[in-house]
Amino acid sequence: MKNQKNKQLFKKAQKVIPGGVNSPVRAFKSVGAAPIFIDNAKGAMLTDADGNRYIDYCLSWGPMILGHANKDVLADVKKAMARGTSYGIPTELETQLAEMVVAAFDSIDKVRLVSSGTEAVMTAIRLARGAAGRDKVVKFVGCYHGHVDHMLVSAGSGLMTLGAPSSPGVPKDFAKNTLLAPYNDVDAVEKLFAKYADQIAAIIVEPVAGNMGTVLPKPAFLKKLRSLCTKNKSLLIFDEVISGFRLAYGGAQTVFGIKPDLTTLGKIIGGGFPIGAVGGKASIMNKLSPEGTIYQAGTLSGNPVCVAAGIATLRLLKTLNPYKKLGSMTECLCGGISEKLNAKGVPHRINQIGSMFTLFFNDGEVTDYDTAAKSDTKRYANYFRQMLESGIYLPPSQFEANFLSTAHTQKHLEQTLKAVAKVKF
Ligand SMILES: *Cc1c(COP(=O)(O)O)cnc(C)c1O
């Protein structure tokens, strides 16, 4: 693998960008490597500055479910761009995307568009607090909800890999309203409600966790959260920034048949452009200004180019309905990886659902942060580096989800399995 240009670009970047990257996990720190710099991408393939090509299983951390540079998405984006790139005045496109989201989710009557998943969560929590007239929010250890101050408490991958349980610069006063429970631990949540019932505005949860690696909810977990929220007049927020339009067109809530009060979306709904959204019942959403008094705003919210990319992406997903095929291809890939690793006697666990999965170098089941954290991160780093050498781009951290896109073919999977077979442990 040629690496001269990548190294050069990283050196230059470090002079003017902290750590040389604009989001921490991109620095490859936890996998003991220097980052690659991307020149272009098409379908399932990335090409770096040195001309190396990789099959991409990270897909911009989830959004590129149709693969890179999808021609229909690009065509709509170009059309939108030719009409101007931002007005700060409403467009019909925004209503169209909102209508598509409302049609996809039973729990959503109205949507507010924002510019990132972080902003979507920030808005959902302010809305929940304002609506409930309470301050405390229950979050699960290892779940990541963006870099909002009060959510940056035991928050998964980026922080897990950097060994920081929280971040300096988050006032204790903010974090004190964040109550923590282990993922999948219903008893812990019940205890929090027993102690703080009339102070809890909301529970926020990734209905399938993706940010401590893929962790599935146990059968009764989400149902119990729903009933605890209903009973205590707290709101249930599903953070579906990853799982929305990924696990099913209607997200994890459709797969598991649980209706949250609020849903946050991002990633896929922007088709590769910056976006976020919060949606829910009209009675709650109408509390947002200007209809209500809970303030939220954004210069580039509902940006026509981002929204056009989102509409094109959702339209294609709706027509293609690729979910079953994506799921069975992913299952096939995971089975193959397991087979190769078993042949080498390498202990591992693969958590998979639909087109997302994580290979944990772990002896036991991974059901929460503590069990995920037992994984052998050195072994993952070694695996990551050798796969990269073989032209396979995996998420540069043990605690992230891998994704497949509709552009991945059987051939890509075969090439990937060959690379796994070559890895030396
Ligand atoms: C990525 C992610 C976010 C944050 O979205 P950004 O667009 O990166 O701000 C929030 N929640 C979950 C579950 C995510 O995976």
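1. The lining of the second largest pocket is made up of twelve nonpolar, twelve polar and five charged residues. The structure is a predicted model, and every value in this note was computed from it. The space in this pocket comes to about 610 Å³. Among its 29 lining residues, those closest to the centre are Glu94, Val111, Arg112, Leu113 and Ser301. Two elements, helix H3 (92–104) and strand S4 (110–114), each contribute at least two residues to the lining.

2. Rolling a probe the size of a water molecule over the atoms shows where empty space is left. The largest cavity has a volume of about 80 Å³. Its lining consists of Tyr57, Leu333, Ile337, Phe357, Leu359, Tyr380, Tyr383, Met387, Leu394, Asn402 and Thr416. Two or more of these residues come from each of helix H12 (323–343), strand S12 (356–360) and helix H14 (377–389). The largest share, three residues, is supplied by H14.

3. What is the division of the lining of the largest cavity into nonpolar, polar and charged residues? Nine residues are nonpolar, two are polar and none is charged. For the second largest pocket, the corresponding division is twelve nonpolar, twelve polar and five charged.

4. The residues around the ligand are Ser116, Gly117, Thr118, Tyr144, His145, Gly146, Glu206, Asn211, Asp239, Val241, Ile242 and Lys267. By class, this shell holds three nonpolar, six polar and three charged residues.

5. For Gly117, a backbone N or O atom is 2.8 Å from an oxygen atom of the ligand. For Thr118, a polar side-chain atom is 2.6 Å from a ligand oxygen atom. For Asn211, a polar side-chain atom is 3.1 Å from an oxygen atom of the ligand. Of the 380 Å² of accessible area that the ligand has on its own, the protein covers 84%.

6. Most residues other than glycine have a negative phi, and most peptide bonds are trans. The peptide bond from Ser289 to Pro290 is cis, and its omega is near 10 degrees. Pro290 is placed in the loop between helix H10 (282–285) and helix H11 (304–320).

7. Two phenylalanines have a positive phi. Phe28, although not a glycine, has a phi of about 65 degrees. The loop that holds Phe28 runs between helix H1 (4–16) and strand S1 (38–42). Is Phe28 buried or exposed? Phe28 counts as buried because its relative accessible area, 2%, is under 20%.

8. Phe245 likewise has a positive phi of about 65 degrees and is not a glycine. Phe245 is located in the loop between strand S8 (235–239) and helix H9 (251–256). With 0% relative accessibility, Phe245 is classed as buried.

9. Two polar residues in loops are also buried. Gln398 sits in the loop between strand S13 (392–393) and strand S14 (402–403), and its relative accessible area of 2% makes Gln398 buried. A polar atom of the Gln398 side chain lies 3.2 Å from the backbone nitrogen of Phe361. Ser375 belongs to the loop between helix H13 (369–373) and H14. Ser375 is buried as well, with a relative accessible area of 6%. The side chains of Ser375 and Asn362 are joined by a polar contact of 3.0 Å.

10. A last point concerns Leu192, which is part of helix H7 (residues 186–196). Leu192 counts as buried because its relative accessibility of 14% is under the 20% limit. From C-alpha to C-alpha, Leu192 and Asn22 are 36 Å apart in space, and 170 residues separate them in sequence.

Technical notes:
Residues numbered from 1 in each chain as written. Predicted model: local features only at pLDDT ≥ 70, side-chain atom pairs only at ≥ 80, totals over all residues. Heavy atoms only, no water. Near = heavy atom within 4 Å. Polar contact = N/O pair within 3.5 Å; in protein donor to acceptor, adjacent residues only side chain to side chain. Areas by Shrake-Rupley, 256 points an atom, 1.4 Å probe, with all protein chains shown as cover. Nonpolar A, V, L, I, M, F, W, Y, C, P; charged D, E, K, R; others polar. 1 Å grid on protein atoms, 1.4 Å probe; cavity = no way out; pocket = protein on both sides within 12 Å on 5 of 7 lines; lining within 4 Å. Points joined across faces, edges and corners; volume = space filled by probe spheres on them. Helix = DSSP H or I, 4+ residues; strand = E, 2+ residues; numbered from the N terminus. Buried < 20%, exposed > 50% of the residue type's maximum accessible area, 1.4 Å probe, protein only.
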